[in-house]
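Visitor: I'm new to this one and would like a close look at a single part, the open sheet and what surrounds it. Could you take me there slowly?

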Amino acid sequence: MSDAESPNTDYEFEPTSPNTGSEFEPVDIFPDSTDFDLRPGADSCYKCSMCDTSCPVAEVDDDFPGPKFQGPEQWRLKRSDDEHEIDDSIMSCSNCMRCDDACPSGVPLSQMHNTARGEYVEKQMDKLSIEYIRNRILANYRTSARIASKMPRIATAVMNFGPARWVMEKTLGVTKEREFPAFATQTFRQWWAARGGVTVSRENAREARERRGEPVDADKKVAYFHGCYANFNTPEVAKALVRVYEHFGYELVVPEQRCSGTPMFANGMVGDARRHAEVTLSSMSDLIEEGYDAIASCTSCSMALRQEYPELFDIDGVDTVSRNTFESVEYLRIHENLRSEIQSADVDDAIEKEFAYHAPCHARNQGISRQAVELFGELDDVTIEDVGDSCSGISGTYGWKEEKYETSMEIGEEMFEHMEAVDATTGMTECPTCSSQMEHGTGYDIRHPIELLSVALIQ
Ligand code: SF4
Ligand code: SF4
């Protein structure tokens, strides 16, 4: 960890404690294994079925056999027969990872699912099938977004042109029901470079420390993993994060990085995810050695760096990065007295004041599902209501598949109803794909908590 010092213990957030990093233990059931053989892990399962009852896909899709089958049962079959083929229903698991959280016996379900899905795609899936091509395109969103960002207005218009959406559904199986997210006319990385990069951030951080009465040479520095969405689609979230961190006296760097791999894991493209992870882990682990901590504004990205990478990849620096990665608001809750600043803050009229908050499934897995509600509950004139613990249903690329669209909306129905029942017409969440599902199901604008924090503390 950087010298941002130990967790602030002046106050406690209940009922969910912030993750201090030291307490977060990625699943590591076979520490001596280099081939990640999961078959012995099946023995920890005592068939209580709690995973099955927590699975949002199994709840609405009678054909989906559920996580107990996808995980321990398939791996038991593999133990008795090395040639056992993975059941194709593994492709219907959305990788929400709720079953991980539900299992009382610590069975590494999502690790089993990701590994099985990777094996299924590599060995059993026809690489010339439309499904494979469609999934590969969806999983490699970063590639499409990079091309689109060269001509963002045209790309946004074309992708949302009715006949083009119809053609994409008919030829590739990408649902025409969803609007494509707009591409930013200036990516976050372009903005960051034009602003002066780390040099300007260092100056801003020093000035802030002076203003705050902190030592000007305090070692407060973070490396920001912005992910694809905040770079290409919602740079306003990333800019808000920069403003908030500099306000607290942190110098930011925006290192070389690739996709977190979240959409690749969900589509069994483990080789693609590994190639992207190698780049990110190389730069992030070097920075962590120099005293930086890693922060991410997307809960699925922080989940990938913290849990999925060490579960699936034996790459240099993977454990260092896993131990030193934090979600962006979580990090500030640990190292700064956010509560006291929030209590004396005021929000102006430029932002909505009533929010319906949805905790992403991947936030639950990291123990940070209550942080926005607890934090903003202290902010004068703002009301924020938790809309419950249901899954939004989109799970990244899952809800973009034509054959999964209805299931995705059925899963999301509970969240939509709860959003409409509370006294708010703006949503809030940390996950960009949950955000698009919330917007799609209700028509509400959706904010990231760091945006409200920026308005409350700075503007
Ligand atoms: S990851 Fe989610 S969708 Fe997949 S089996 Fe587990 S609970 Fe079900
Ligand atoms: S919750 Fe865990 S122990 Fe229970 S059936 Fe599922 S995998 Fe087995």
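Guide: Let's begin with a word on domains: their bounds come from an automatic or database domain assignment. Here that assignment gives domain 1 (39-124), domain 2 (130-172), domain 3 (188-335) and domain 4 (345-457). A note before we go on: this is a predicted model, where local features need pLDDT of at least 70, side-chain atom pairs count only at pLDDT 80 or more, and totals for chains, interfaces and linings use all residues. Residues are numbered from 1 along each chain as its sequence is written, while chains are lettered from A and ligands numbered from 1 in the order in which they are written.

First, the setting. The protein has 24 helices and 8 strands; these are DSSP runs numbered from the N terminus, with at least four residues (H or I) for a helix and at least two (E) for a strand. Its radius of gyration, taken over C-alpha atoms, is 21 Å, close to the 23 Å from the globule rule (2.2 Å times the number of residues to the power 0.38) for 459 residues, so the protein is as compact as a globular protein of that length. The C-alpha trace spans about 65 × 55 × 40 Å along the principal axes.

Four strands make an open sheet in the order 6-5-7-8, with parallel pairing. Two strands count as paired if DSSP finds at least two bridges between them. At the edges are strand 6 and strand 8 (445-447), each pairing on one side only. On average, neighbouring strands of this sheet are turned by 35° against each other, direction ignored; the axes behind that angle are lines fitted to C-alpha atoms.

Strand 5 (residues 354-357) pairs with strand 6 in the parallel sense over 4 bridges, and A356 has E385 in strand 6 as its bridge partner. Strand 5 is also joined to strand 7 by 3 bridges, again running parallel; there, Y357 stands opposite M428 of strand 7. Next, strand 7 (residues 426-428) runs parallel to strand 8, with 3 bridges joining them, and G427 faces I446 of strand 8. In case the pairing itself is new to you, strands of a sheet pair through backbone hydrogen bonds, either parallel or antiparallel.

S395 sits in the loop between strand 6 (383-386) and helix 22 (405-421). Its phi is near 45°, a positive value in a residue other than glycine. S395 is buried, with 30 other C-beta atoms within 10 Å; "buried" asks for 20 or more other C-beta atoms, placed from the backbone, within 10 Å of the residue's own. Buried residues make up 50% of the 459 residues in the protein.

Finally, look at where domain 4 meets domain 3. The C-alpha centres of these two domains lie 22 Å apart. Here 25 residues of domain 3 are in contact with 23 residues of domain 4, contact being C-beta atoms, placed from the backbone, within 7 Å. On the domain 3 side, helix 13 (235-247), helix 14 (262-266), helix 16 (299-312) and helix 18 (328-335) each supply at least two residues. Helix 13 gives the most, with 7 residues.

Technical notes:
A residue is buried if 20 or more other C-beta atoms lie within 10 Å of its own, exposed if 12 or fewer, and partly exposed in between; C-beta atoms are placed from the backbone. Axes are lines fitted to C-alpha atoms, for helices over the stretch in contact, and angles run from 0 to 180 degrees between N-to-C directions. Two residues are in contact if their C-beta atoms, placed from the backbone, lie within 7 Å.
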